[in-house]
Amino acid sequence: MALDTRTRRTPSKGTGAGQRPVRGGPRALWDSTIGKKAVMAVTGLIMLGYLVAHMMGNLKIFFGPGEFNGYGHWLRTMGAPVLHHEWGLWLVRIVLVVAVVGHAVAAYQLSRRDIRARPAKYAHTKRRTSYATRTMRWGGVILALFIVWHVLDLTTGHTHPGGFQEGHPYQNVVDTFSTWYGNVIYLVAVLAMGLHVRHGFWSAAQTLGVGNARRERVLKAGANGLALLLTAGFVSVPVAVMTGLVS
Amino acid sequence: MKLTLRVWRQPAADTDGAMTTYEVDSVSPDMSFLEMLDTLNEELILRGEDPVAFDHDCREGICGACSLVINGDAHGPERTTSCQLHMRSFQDGDTIDVEPWRAAAFPVVKDLVVDRSAFDRIIQAGGYVSAPTGSAPEAHATPVPKADADFAFEHAECIGCGACVAACPNGSAMLFTSAKVNHLGVLPQGAPERETRVLDMVDQMDAEGFGGCTLTGECATACPKGIPLPSIAAMNKEWLRAARKSPR
Ligand code: HEM
Ligand code: SF4
Ligand code: FES
C-alpha cells in the first residue's frame, strides 16, 4: 500500500523548503491577497456603518438650525461624563482615519498586483462587468479626494466659502451648498459613493465568506437598498439648500 | 462555410507576436473549432508555412488542455471547452479572433500555447489527500453526507483549463484554487490537511503572480464546467478559518 511517499513539496518560486511564509498574525493576513482583501472588507464595512450614522445626522438639518447645531454640539459631548469634551469624537475620528488609510493602501497594493497579473490585453475585448464593478478604483480615488476636501470645507473650514463659523454647522452647510462647485463636487462624490457601496457591500460579504448561493439575492438586494438609501439621504441636503427648503 | 480568422502568431516565448489573418474555406458547421483549425493547419503545411500551435488532448471536454480565447471569450461563445465548441455557433462569412490565454502567470510558449505549470504547482502545494491509495476501500467505510458529496462533486468537475484566469481582468486564479480547496476540504478524506491545504495553495497562488479577486464574476461566466462564483466566497471562509486556527 503506497502511503504518501513525497513528504516535501516540490520547491518552487517563493514557497520552497526552508522559506515558508509567515503563518498567523497580522503579517500573514496583510501578505496574502485574501487577507488583504479581508482588511479592505472590514475597513469598508466600518466606513459604511459610519456613513449610515452620518447620513441620519445630516437629515436633522430638516428640523432647523437649533436641532442641527445641537446635534453638532452633542457629537462633542458624546460619552460624557465618562469621556472628556471631544474624546468620543476623536475616538471616532481615529477609527475612521485608520479605516480610510488601511482601505486605501490595501486597494492601491492589490490594484497594482492585479494590473501586473494581466500585462497583455486581448485584441478582441468585451465589456461584461457592471458599471459599479468597473468604477471601484476610480470611484475610490474620487472618494479619497472628496474626503480631504469635505474635511477642509466643513470640519476645519480651510476651504470654506465665506466665513466659516465654528459651532454653527447649519450656516456652514448652507454656505457650501450655495456655491455651484460645492454642489458639483458633493453630488459627484455621493454618486461615486453609491456605486462603490453597491458593489462593495456585496463584495465584502464574499470576501468575508458570508456569501453563498442561497444568500445571493438577499445580499444583492441589501447592497442595492443600502446604496440607494445612502445616495438619497446624502443628496437630499444639497437639493434642499438649492431649492430653498433649507436656508 | 467560409471564414476569416485572425490568429495570434508568436514564433517563440521571447519574440513579439501579432494577429495574423487567414481565410478558411469549406468549413462544415459540424466541425469542432479545433477541427476547423486542423483544416487551416493542413493548408498551411501544404503551403510550406508553420502551422498554428494550439493545445489539445482529449477533444471531448474532459482534460482541460484546449485553451483558446475566441472573439474575446475564453473557450468561445458557448459554455463548453474549445474542443467541444462547434462551427454551427458561427455564421458563414464571420471574422473570428483567436488568441491565447492572457495572464502574467501563463506565459505564451508559442502561438496559442501557454505554459500553465503554475496550476500544477498550486496543486502540488496542497491539492491532494494523504490517504492510502491502492485497493479500493469499502464504499460505506467513510460516510459522507449527501449535501457534502454534492458540494465536493460540483467542485471536482474543474478540469484545470485556466479559462477562469484568462477571463479575469486581474488574471486571478481564485476560481480554480477554490474548486480544489472546496472539493477536498469538505470530504472526510481531506480533513487532515484542511487548514494547511488552503493556506499553502493560496500562498502558492500568490507566489505565482496571479492577481487578486475583485468579484467581477468573469471567471464563473467563462468556466466550461460551471464552477460557480460563490465557490470563491467559500474558499475565503476556509482561508480565514484556517488563518485563525493554525498559526504555525
Ligand atoms: C479612500 C478612498 C477609497 C478608495 C481608494 C477605495 C477603493 C476601493 C477599491 C479599489 C475596492 C476594491 C474594489 C473591487 O474589489 O473591485 C474597494 C472595495 C470596497 N470599498 Fe472602498 N475605497 C474608498 C473608500 C470607501 C468608502 C468611503 C467606503 C464606505 C462606504 C468603502 C467601502 C468599500 C467596501 C465595503 C468595499 C468592498 C471590500 C471587498 O471587496 O471585500 N470604500 N474600495
Ligand atoms: S474553475 Fe473552471 S475555468 Fe477555472 S480551471 Fe477549473 S474548469 Fe477551467
Ligand atoms: S482537448 Fe481536452 S478538454 Fe478540450
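This is a predicted model: local features need pLDDT of at least 70, side-chain atom pairs count only at pLDDT 80 or more; totals for chains, interfaces and linings use all residues.

Modeller: Happy to! Residues are numbered from 1 along each chain as its sequence is written, chains are lettered from A and ligands numbered from 1 in the order in which they are written, and side-chain values use heavy atoms, without hydrogens or water.

Now to the iron atom of ligand 1. Its protein donors are A:His103 and A:His196, each through NE2 and lying 2.0 Å from the iron. Donors here are N, O and S atoms within 2.8 Å of the metal (3.2 Å for Na, K and Ca), and sites may look incomplete because water is not among the atoms. The arrangement is octahedral because the six donor atoms around the iron subtend angles of 85 to 180°; for six donors, that label asks for opposite donors over 155 degrees apart and all others between 65 and 115. A:His103 sits in helix α4 (residues 87–116) of chain A and A:His196 in helix α8 (residues 180–207) of chain A, so the pair ties together parts that are 93 residues apart in sequence. Helices are DSSP runs of H or I with at least four residues, strands are E runs of at least two, and both are numbered from the N terminus. Both histidines, A:His103 and A:His196, are buried.

Helix α4 of chain A also holds A:Val100. With 29% relative accessibility, A:Val100 counts as partly exposed. Apart from residues up to four places away in sequence, A:Val100 touches A:Met47 and A:Ile147, where contact means heavy atoms within 4.5 Å. The loop between α3 and α4 of chain A contains A:Pro81, and a cis peptide bond with omega of about 5° joins A:Ala80 to A:Pro81.

On the α8 side, follow the packing to helix α7 (residues 169–176) of chain A. Six of its eight residues are buried, so α7 is largely enclosed by the rest of the structure. Among these buried residues of α7(A) are A:Tyr170, A:Val173 and A:Asp175. The buried residues of α7(A) pack against α8 of chain A, and also against α3 (64–77), α6 (136–154) and α9 (216–242) of that chain.

A:Met55, in helix α2 (residues 33–59) of chain A, has 7% relative accessibility and so counts as buried. Beyond its neighbours within four places in sequence, A:Met55 is in contact with A:Leu229, A:Leu230, A:Gly233 and A:Phe234. A:Pro26, found in helix α1 (residues 25–31) of chain A, is exposed, with a relative accessible area of 70%.

Stepping out further brings us to the partner chain. The contact takes 48 residues from chain A and 56 from chain B. About 4200 Å² is buried between the two chains, with carbon and sulfur atoms giving 53%; buried area is the accessible area (1.4 Å probe) that two parts lose on being put together, summed over both. In chain B, B:Arg102, B:Leu215 and B:Trp239 lose the most area to chain A, together 13% of what that side buries. The count of salt bridges between chain B and chain A is two, a salt bridge being a side-chain nitrogen of Lys or Arg within 4 Å of a carboxyl oxygen of Asp or Glu. The side chains of A:Lys126 and B:Asp73 form a salt bridge, with N and O 2.9 Å apart.

Chain B itself is divided into domain 1 (3–110) and domain 2 (116–245), with bounds from an automatic or database domain assignment. The area buried between these two domains of chain B is about 1400 Å², and carbon and sulfur atoms give 60% of it. B:Arg79, B:Ala105 and B:Phe106 supply 41% of the area that domain 1 of chain B buries against domain 2, more than any other three residues.

How values were computed
Four donors count as tetrahedral if all angles lie between 85 and 135 degrees; four count as square planar and six as octahedral if opposite donors are over 155 degrees apart and all others between 65 and 115; anything else is irregular. Buried means under 20% relative accessible area, exposed over 50%, partly exposed in between (1.4 Å probe, protein chains only).
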